[in-house]
Amino acid sequence: MLHACMEATGPCGDELALFLDTHIGKLSVEQPRRIKGYAHCRMMRSKSDPADARMIAHYCATQKPRAWKRPSEGQLHLRAASRRRESLLAQHQAEKNRLEQTSDRFVRKDICAHLRHLETRITSIEKEIRSLTQADEKLAQTIKLLTTIGGIGVTSGTSILAEIPPIEDLEDARQLAAYAGVTPRHHQSGTSGSTHTPMSKNGSSRLRKALFYPAMSAMRYNPACKAFADRLRAKGKKSIVIIGAIMTKLLHLIFGVLRSG
């Protein structure tokens, strides 16, 4: 059986993964940093497309990474719609910033017209997302479960659901936290005692973004997360460390709730 391996490279890579999954026996989709680390271990000196392809093939043959599992059609549609909504919101905010920076009447009028158009498109996308989650029984039940966690609402729950991998494919909550790249990265050299523990960010930036505002909300309204954040703050931890810890705690709660139902 043919076993293909590729790096996760964003939307274009997602489309390639879907194509390969349909036409070959087994596919693995690995984080680029993992491939890069393997190349460093082998002391690779060349950097070219053919050399990278050979390295990925060698990595696949020797490390035998786990098979990639194709998301359901419902989740693929949800992910595409959710990412489109995120893109439109970013454009809307950029236009609002431009509106504040100009006094030219024509430009302001044009920006306002564009803002209204973007708002119409955002409303349409959000309606499509609601229709999708209501029509798909499994997605609807998953959203309902996610919103039982303090700090996660319907909108944020939908964004999180669009980006998390299938829970049944994960061994434990730590794998989900590692997938999001919110686990701490410890760094200490010698006997200086200097240790920095920000988020590793070796994972899905979209999932981290989807978790940011729920984590901020959970620190205020989720009793367990609030108490946890207070303890970290009392120890003098930096804000970024606390937010990363709350994101990790939320992912543990998400894993537990979705796995147990």
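Author: Helices (H or I, at least four residues) and strands (E, at least two) are DSSP runs here, numbered from the N terminus. Keep in mind that this is a predicted model: local features need pLDDT of at least 70 and side-chain atom pairs count only at pLDDT 80 or more, while totals for chains, interfaces and linings use all residues. Residues are numbered from 1 along each chain as its sequence is written, and side-chain values use heavy atoms, with hydrogens and water left out.

Reader: What does UniProt call residues 78–135?

Author: The unreviewed entry gives them as "coiled-coil region". UniProt positions are in the numbering used here, feature names are shortened, and annotations may be inferred rather than shown by experiment.

Reader: And which residues does UniProt list for the domain?

Author: Residues 3–102, as "domain: Transposase IS110-like N-terminal", again from an unreviewed entry. The end C-alpha atoms of that span are 55 Å apart, with 66% helix and 10% strand.

Reader: OK, strands. In which sense do E1 and E2 pair?

Author: Parallel, over five bridges, between E1 (residues 3–7) and E2 (residues 26–30). Two strands pair if DSSP finds at least two bridges between them. Ala 4 stands opposite Leu 27 in E2.

Reader: What do E1, helix H1 and E2 make together?

Author: A right-handed β-α-β unit, with H1 covering residues 11–23. Right-handed means that, with the strands pointing away from the viewer, the path from the first strand over the helix to the second runs clockwise.

Reader: Switching to rings. How many aromatic pairs?

Author: Two aromatic pairs. Rings of Phe, Tyr and Trp (its six-membered ring) pair if their centres lie within 6.5 Å; planes under 30 degrees apart are stacked, over 60 edge-to-face, and the rest tilted. Tyr 38 and Tyr 59 have ring centres 5.3 Å apart and planes at 75°, so they are edge-to-face. Tyr 38 sits in helix H2 (residues 32–41) and Tyr 59 in helix H3 (residues 49–63), so this pair ties together parts 21 residues apart in sequence.

Reader: Are Tyr 38 and Tyr 59 buried or exposed?

Author: Tyr 38 is buried at 12% relative accessible area, and Tyr 59 is buried at 5%. Buried means under 20% relative accessible area, exposed over 50%, and partly exposed in between (1.4 Å probe, protein chains only).

Reader: What about Phe 212 and Tyr 213?

Author: Their ring centres are 5.3 Å apart with planes at 85°, so that pair is edge-to-face. Phe 212 is partly exposed at 32%, whereas Tyr 213 is exposed at 64%.

Reader: Which residue lies over the face of Phe 228?

Author: Lys 249, at 5.4 Å from the ring centre. The rule wants NZ of Lys or CZ of Arg within 6 Å of the ring centre and within 35 degrees of the ring normal.

Reader: How far is the sulfur of Cys 5 from the closest cysteine sulfur?

Author: It is 4.7 Å from the sulfur in Cys 60, too far for a bond. Cys 5 is buried, at 16% relative accessible area.

Reader: And where does that leave Cys 12?

Author: Cys 12 is in no disulfide, and the nearest cysteine sulfur, that of Cys 5, is 18 Å away. Cys 12 is exposed, at 67%.

Methods: A disulfide is a pair of cysteine sulfur atoms within 2.5 Å.
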